[in-house]
Amino acid sequence: MPDSLQNGSKDRIKYIVLGCGSIGYNVVENLVRDSEQVIVIDSDVKRVEDLRDQNFDAIVRNITDPGFLNDLPLPEVVFVLSNDKNANLEAVKRIKEKYPSVYVVARAVDKLSLSLLEQAGADIALYPQEVFAKNVVHLTRRLHSSRLARKLYHYLSEMEGTLGIVLHTNPDPDSISSAMALCAIAKDVTDKQLNCRILYDGKIGHQENRAFVTLLDIEMEKATAEAIDECDYIALVDSSAPGENNALESGKEVDIIVDHHQISDQNSKPGRFVDVRPGAGATASIMTQYIQELGVNIDQKVATALLYGIRADTKEFTRNTTPQDLNYAAFLLPLTDSDLLSKITSPSMALETLEALGDAIKNRKLQSGYLFTNVGYVRNRDVIPQAADLLIQLEGVNTAIAYGIGDDSITISARNKDIRLHVGNVLKDAFSDIGEAGGHANMAAARIPLNSFSMVKNKEELLSLVIDPILEKFADQVGLGKEESNEI
Ligand SMILES: [Mn+2]
């Protein structure tokens, strides 16, 4: 009976595999590709002889025997893979007792054993049926999405003439970059016999969106009824149905729809090619997947636009982000123009700050050395302390209080030069019952959540409604009278 190693023993070895049925054998086959240092232990003499014939290091031992690890080199990893539930559990315990630092990967014979094996010290416990099931589902999903990519490819290849790509109203970077990507795919497929026109309605609002369009030199035109009529085919991106937040009439026949918003009417399938995935973080992610699956070459502009589209729609990967969104972003990153990307993101931020500071200067009110200023609605509340920092430098100002409103709260920021005043304590006393407040003697902040007010659409209006009683609390704390305010 072979119970000693045929390839000679060493002090240390990479892997020991316990149990060499069909699962064990497949694991061994994969391990020997990585390292020749594999010892296989099985209780079946015939099986071990077969393995030895195939030049594996195999020995006959019973893993229920307490001394089954005796005389064997110290392994890095032990795989416990027999089909005996109790034997596997005992083996894991023994290995961990003898070699606490050795990694143990164990096979659960049923679902219940998973936690028992983990409790016994297994570093990884797997139930093969579950691994198979997960893999099958994952592969099926991939199959489905790559089939969609091929379907789109095939569909575009049959088109000739003009494809109008319609964006949603007031298009954002996700929508615009998705249109650019669809254009790039169409060009690749049809060898430039299909002309693409990107059509939008509404306004390109935020500064950074305008910077995005200008810097990437994106050709877009207004989605007039004429322009739409001139197109032989219509695609809708980042919008799920004609007439829903886009320039198309509802009921208009659409050839392609790619979107990640929830379809309001589940039964409506108005496009001939429809790929709507409410789970995806951005339509740009779906487009990136097509590009990846189809091996379409894209230029730096398209890659930069798509990455920015994903970043913007997922709020820098903090909103509705899936592992796939991160995957596609990683795929795009080496293809992008990083200078261009930073130009799109940074100047616009500075501009918003500049505008907010401008408002802060314009709206300032001075009263007995206290300066109050309304910064208005801000997307990024960091500009409020910047406004306070700026205005405390003004002559005649001892304490500067800047306030503004964001999507979910009012932010108050204070700076103070008056040594008799501890502004952190003042804010705390004034506002801690309605929000969070506090800070130091010379700088402090308060945040008042809007809660029930959050449904009010016009934030500026809301701020003007609620700010007076709020500021009165501050005035009461510092003993500020109701004297006339005088501007400086
Ligand atoms: Mn989107």
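**Close-up views of a predicted model**

View 1. An unreviewed UniProt entry lists residues 12–126 as "domain: RCK N-terminal". UniProt positions are given here in the numbering used for this structure, feature names are shortened, and annotations may be inferred rather than shown by experiment. Residues are numbered from 1 along each chain as its sequence is written. The model is predicted, so local features need pLDDT of at least 70 and side-chain atom pairs count only at pLDDT 80 or more, while totals for chains, interfaces and linings use all residues; side-chain values use heavy atoms, with hydrogens and water left out. In the span of residues 12–126, the end C-alpha atoms lie 26 Å apart. Helices (H or I, at least four residues) and strands (E, at least two) are DSSP runs, numbered from the N terminus.

**View 2. Strand β5 and its two partners.** Strand β5 covers residues 103–107, and four of its five residues are buried. Buried means under 20% relative accessible area, exposed means over 50%, and partly exposed lies in between (1.4 Å probe, protein chains only). Strand β4 (residues 74–80) pairs with β5 in the parallel sense over four bridges, and V78 has V104 of β5 as its bridge partner. Strand β6 (residues 124–126) also pairs with β5 in the parallel sense, over three bridges; here V105 has I124 of β6 as its bridge partner. Two strands count as paired if DSSP finds at least two bridges between them.

**View 3. Two β-α-β units that include β5.** A right-handed β-α-β unit is made by β4, helix α3 (residues 85–98) and β5. Another right-handed β-α-β unit is made by β5, helix α4 (residues 113–119) and β6. A crossover is called right-handed if, with the strands pointing away from the viewer, the path from the first strand over the helix to the second runs clockwise.

**View 4. The manganese site.** The manganese ion is coordinated by D174 (OD), D238 (OD), D238 (OD), H260 (NE2) and D313 (OD), at 2.1 to 2.8 Å. Donors are N, O and S atoms within 2.8 Å of the metal (3.2 Å for Na, K and Ca); water is not among the atoms, so sites may look incomplete. Along the chain, the donors follow the spacing D-x63-D-x21-H-x52-D. D174 lies in helix α6 (residues 173–190) and H260 in the loop between β11 (254–259) and β12 (271–276), so this pair ties together parts that are 86 residues apart in sequence. Both D174 and H260 are buried.

**View 5. Cysteines without disulfides.** A disulfide is a covalent bond between the sulfur atoms of two cysteines. By the rule used here, a disulfide is a pair of cysteine sulfur atoms within 2.5 Å, and the structure holds zero disulfides. C231 is in no disulfide; its nearest cysteine sulfur, that of C196, is 9.4 Å away. C231 counts as buried because its relative accessibility is 10%. C20 also counts as buried, at 0% relative accessibility.

View 6. A salt bridge is a side-chain nitrogen of Lys or Arg within 4 Å of a carboxyl oxygen of Asp or Glu. The count by this rule is 16. One of them joins K14 and E76, with the closest N and O atoms 3.7 Å apart. K14 lies in strand β1 (residues 12–18) and E76 in strand β4, so the pair ties together parts that are 62 residues apart in sequence. K14 is partly exposed, with a relative accessible area of 26%; E76 is partly exposed too, at 44%.

View 7. D275 forms a salt bridge with R277, and their closest N and O atoms are 2.8 Å apart. D275 is buried, with a relative accessible area of 3%, whereas R277 counts as partly exposed at 21%. In the salt bridge between D389 and R415, the closest N and O atoms are 2.7 Å apart. D389 lies in helix α13 (residues 383–391) and R415 in strand β16 (residues 409–416), so the pair ties together parts that are 26 residues apart in sequence. D389 is partly exposed, with a relative accessible area of 36%, and R415 is buried, at 9%.
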